[in-house]
Each structure stands twice: as structure tokens, then as C-alpha cells.
Amino acid sequence: MAIGDITGIITSLDFDTTGGMLPKVIHISGTTYAIAYQGYGNDGWLVTVPIANDGTIGAVIHSFEWDTSNGAHPWIIHIAGDVYAIAYVGPGGNGTLKTLTIQADGTIGAVIDTFVFDPGP
């Protein structure tokens with residue numbers, strides 16, 4: 001086996017059994033990671049999961065529906081401290097940005113603010 005060879009899947013997790021399109025993964029702290037994705041009915045979802053240094057994935061820590069009508073093509077970034085932003089195609093095809101908190105232990109807080117940056121025609 002050469003350096004860089006892929007030897008197989010270490011472990012996997014089905015973090016949403018009804019949908020999970022266009023997921024974006026971001027490191028939160030230690031072994032805690034968040035996944036922002038477009039779920040069933042195009043709703044916007046966020047889950048946190050532990051991923052150990054050896055690649056072992058634990059069970060979902062917390063899940064949160066951040067948009068109940070349209071959360072298409074999400075992209076998540078870290079802002080500062082425990083604040084994160086999710087940019088996505090929101091209701092009516094509008095470009096939307098939401099901020100929320102994610103604690104180091106994976107606990108997801110409520111939406112802090114919402115900004116529609118492209119209200120469309």
C-alpha cells in the first residue's frame with residue numbers, strides 16, 4: 001500500500017433518514033463537527049456529530065431546522081466564538097443569510113438574525 005491509498009470506509013452515519021442533499025461540514029471544536037444541509041421538503045437543517053481523530057463517527061448530538069420552507073444550497077462558515085452563518089437560497093428563491101450559535105459540545109442555539117441579501121425580482 002502506497003501513501004495516499006484509500007483503504008476503505010472507517011465508519012459511516014446516516015444523519016438524516018428522509019433527506020440530506022448538498023451537505024457542508026464544518027469543524028466546531030475538538031471532535032465536534034456541524035453539517036448544514038437541505039433536508040426533506042427542501043427545509044434547511046443542521047446537525048452536529050462527533051468525529052474522533054481515528055475517523056470513528058458517533059451518533060448525532062443535536063439537530064435543528066433553521067428554515068422550515070426552503071433551505072436550498074446551504075453554505076456554513078464560522079464568524080467568531082460560537083457564532084456561525086449559513087447562506088442559502090431561501091423562500092421565494094431569495095438569497096438569505098442566517099446567524100446562529102453552536103456550542104463546543106454540539107448544542108445548537110436558536111437563530112440570532114436573518115438577512116435577505118437578494119430579494120429577487
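Select Ile-76 to begin: leaving out residues up to four places away in sequence, Ile-76 touches Lys-24, Ile-26, Ala-36, Leu-46, Tyr-84, Ala-85, Ile-86 and Ile-102. Contact here means heavy atoms within 4.5 Å. The model is predicted, so local features need pLDDT of at least 70 and side-chain atom pairs count only at pLDDT 80 or more, while totals for chains, interfaces and linings use all residues. Residues are numbered from 1 along each chain as its sequence is written, and side-chain values use heavy atoms, with hydrogens and water left out.

Next, select Leu-46, Ile-76, Tyr-84, Ile-86, Leu-100 and Ile-102, which touch the most other members of the largest nonpolar core, a set of 13 residues. A nonpolar core is a set of buried Ala, Val, Leu, Ile, Met, Phe, Trp, Tyr and Cys residues joined through side-chain atoms within 4.5 Å. Buried means under 20% relative accessible area, exposed over 50%, and partly exposed in between (1.4 Å probe, protein chains only). Strand E6 (83-89) is among the elements that give two or more residues to this core, and E6 gives the most, with three residues. Strands (E, at least two residues) and helices (H or I, at least four) are DSSP runs, numbered from the N terminus.

Now go to Val-116 in strand E8 (residues 108-118). Val-116 is partly exposed, with a relative accessible area of 39%. Apart from neighbours within four places in sequence, Val-116 is in contact with Asn-94, Gly-95 and Thr-96.
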